[in-house]
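Here are my notes after going through the model you sent.

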Amino acid sequence: MAEEKKEFRSKKKLKCTAAATAYQKAYFFDLKERVERGEKCGYLNADVPMEILRAMDIPFVVNQWWTALSAAKQMNAQYFELMAEKGYRGDICTYCAGALGASMLPDKSTAPWGGLPKISFTVTRLTCDCQMKIFDLLSKQYGAKFYPMENTTPLKYDTNWFDMCHDNWEDMFEPDRLDAMVADLRGLITFLEMETGKMFDMNKFIKMMNLINEQEMWFEKARQLLLNCGFTTVSQADLTAAILIPQWHRGTEWARDQAKSLYEELKERVDKGEKQIPNERIRMESKGRGLWFNQGFFQYFEEKYGLVFPGISHLTFASHAYMRNNVEKDPLRALAARYGIMEDVIHTPPWNNCAAVADCKEGDIDAVMYIVSSNCMLAVDGSNFQINELERAGIPVFAVRLDPTNAKAWNQDEMTKMFEEFIETRVLPRKREKEAERSK
Amino acid sequence: MSFRECALNNSSFIALKQAYDDREKVAREWKAAGKTVIGTMGNDVPDEVLIAAGMLPVRIYGSGVTSTENAAKFLELNFDQIVRCQFEKLVNGEYAELFDKVVISSSTDVLIRIYSYIREIHRTEPDVKVPKEYFVDILFTPYLQHQLRNEFVVDKFIKTVGEWAGHEISDEDLRRASAICNEDRQAMREFSALRYGEQPRVMGTEALVVIGSSLFMEKDKHAALVRELLKDAVNWPVVDAPRIYMTGSVQENLALYGLIEELGGNVITEDHDWGDRHFDTDVDLNAIPVKAIAARYMCRMVSPKKSFIDDHVAATVAHTKKTGAQGLLLYSIVEDETFAWDYPNQREALADIGVKTTAIGRQGYPLKATDELKAELKGFIDQLKEVK
């Protein structure tokens, strides 16, 4: 049976997903051409405010996208072997260090999609001690300049931050933190202007920020649609690509239009009553890292238990973490209020656990799958606080600690057994309780 | 492990060792006298500010903790065992009465998470008795904008501590406290100078006691004891053993250095927080206090975890030359492996000046003196003997 399960692949139904994937590939090859023609290319960590580079029309590649692509192509094990040969540890920071390993390939064109273009500079935020080191080394490997952006820690928090973030973002932060982040943004702009010879145009930036708000508005509409339709119309894997790729391209008209198309396509499916599966019974949400190298793992459970992942949390995140109105008031400050909260929203309680419970309740989620990355300090997420908060709210959590980039460490049979046991002993009994409560 | 007779016969060393061994003794005395005791986590909480307010800063440590079952309810396995042990003492109620507050600095990304976790425990777990937390968010990237930010952070800390004390902390208070800390640092620097060079007179374990005890007692009393000890220590017998520079996980007990000494080596310097970094760089008493304090914590000997690789490598080479270390030992415990990113470059740079290196990672905590570990250490020490 295990062999049969290995044959499953995540099935994509959305035209949007196919379009986004094709766009991403075309974008990457176009980017490589631009770099070959002499443009300077940046390599960014995902939490860097890439809006600045986009406004300046500077090509860039995002670390986590590249790592995910490498993981999907099952290249990471080779990368980490290469690093070990050079005296680096091949067993730490696998989520972030893939590109460093790729830079050590004897023939770099053997990396996915022919390898990265020539990298002229790297930018990361200092949200993790190792990340600074990795980007420092990566820069040396590519002969690139390294621009680090500092990270400040909030002393103030609001448990209902997600109700404030669109319009009252100034109140969500300590003003001094926003001041510090704006100063950091200005430093980045100066660095990029010096490095590339391109000017940062504030008017273009404002236009772009408003395009992003439009994009996130369409994602919010899609979120409301999925929350209220009563069934799951497409798989999480399908939805994830349709959301994340436009998010990498946020600030472009293509990304805004793609978000609109996603909404319209979902609406059409919902209006027609098209379900992802006919026997939907259990609705799960995933937290923590994604299972990149094995997106098809859940299809066995989909068929046996009617298990679906509505994937609404990606839309929630798109709306909560990105939409910032009143841009014109102070555009760089609005951007700071977006990227400055990423670390907190994703990785820190009470932001992530409060939002997780609210999101699961809204989405009528029966259980949560939580992947805690085994060799990453950044991704610890306060997972126990999230798990406790979800369990207290009556939502069972399947928590597993693993390296989501390392296919070799994955034991399909063991994981299948454990997950099946979780469904049988935790999810189904709770589901029956919920159904009984509702029928009263 | 056992200390040399020269150390054991010195009453100042014995007094320092008592403070090192019974780490809460002074804190208990302060509490009994109705005074304020602040637990600190991280090496960048400005003691000067707390001392200026008439408070006793005491470092939170993990040594001696045998079970981390309470910490395990909150911390993921990604947290290293030293921090897990420290956190255990915070959440098992041990510190609830002893410390009035706990102040955490941004010295590592792990501590940033510890701060947010403690804050969340206060919000969601009212039955868990933890001292109220405060966070000192020092930035380490050496740019002006971050220096200005750090001055803001230190100023805010001064005002907050003033509120705790019930009175404003004046510049004069800060200068007086800074002078006390400077004097203690100077005394430790002079003592540690006896570790360096071709004829060191101090063993690594002895140095750990002298340095570590400063984290648990009044700085002026500590400085006086170290000054007294210095008079004797300058005449201690020369230690004839390979001279080792240790980098890696913090050594808040004597186990590793003791094992190295048993195997014939001697740690003469280190860049972890319970060693030479602790007393490097003074607060400039002629500058505006808030600026001087911020600068001291931002600009001292680089932190292996917070520095750019070139900076750490350059500092390692310079410090190796200054101290006369013959070999660099990287020793790190499981999940505390940031150092591993710097090591290949350190190895290369030190090889250029004829200094040997070795890296021992993935170690457990507390230290387990396995045959494998002993063999690795002994092999390295023997290599250094050959160099001699």
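How much area is buried between chain B and chain A, and what percentage of it do carbon and sulfur atoms give?

1. Keep in mind that this is a predicted model. The area buried between chain B and chain A comes to about 4600 Å², and carbon and sulfur atoms give 54% of that. In terms of contacts, 60 residues of chain A meet 52 residues of chain B.

2. Ten salt bridges are counted between chain B and chain A. One of them pairs Arg149(B) with Asp176(A), with the closest N and O atoms 2.7 Å apart. Across the interface of chain B and chain A, 29 residue pairs are in polar contact.

3. Now the side of chain B that touches chain A. At least two residues each come from α6 (109–124), β4 (132–136), α7 (144–165), α14 (309–323), α15 (343–352) and β8 (356–363) of chain B. Of these, α6(B) gives the most, with twelve residues. Sorted by class, this side of chain B has 22 nonpolar, 19 charged and eleven polar residues.

4. Is Arg223(A) buried or exposed? Arg223(A) counts as buried because its relative accessibility is 3%, and the cut-off for buried is under 20%.

Key:
Residues are numbered from 1 along each chain as its sequence is written. Chains are lettered from A and ligands numbered from 1 in the order in which they are written. This is a predicted model: local features need pLDDT of at least 70, side-chain atom pairs count only at pLDDT 80 or more; totals for chains, interfaces and linings use all residues. Side-chain values use heavy atoms; hydrogens and water are left out. Buried means under 20% relative accessible area, exposed over 50%, partly exposed in between (1.4 Å probe, protein chains only). Contact means heavy atoms within 4.5 Å. Buried area is the accessible area (1.4 Å probe) that two parts lose on being put together, summed over both. A salt bridge is a side-chain nitrogen of Lys or Arg within 4 Å of a carboxyl oxygen of Asp or Glu. A polar contact is a pair of N or O atoms within 3.5 Å; within protein, one must be able to donate a hydrogen and the other to accept it, and residues adjacent in sequence count only if both atoms are side-chain atoms. Helices (H or I, at least four residues) and strands (E, at least two) are DSSP runs, numbered from the N terminus. Ala, Val, Leu, Ile, Met, Phe, Trp, Tyr, Cys and Pro count as nonpolar, Asp, Glu, Lys and Arg as charged, and the others, Gly among them, as polar.
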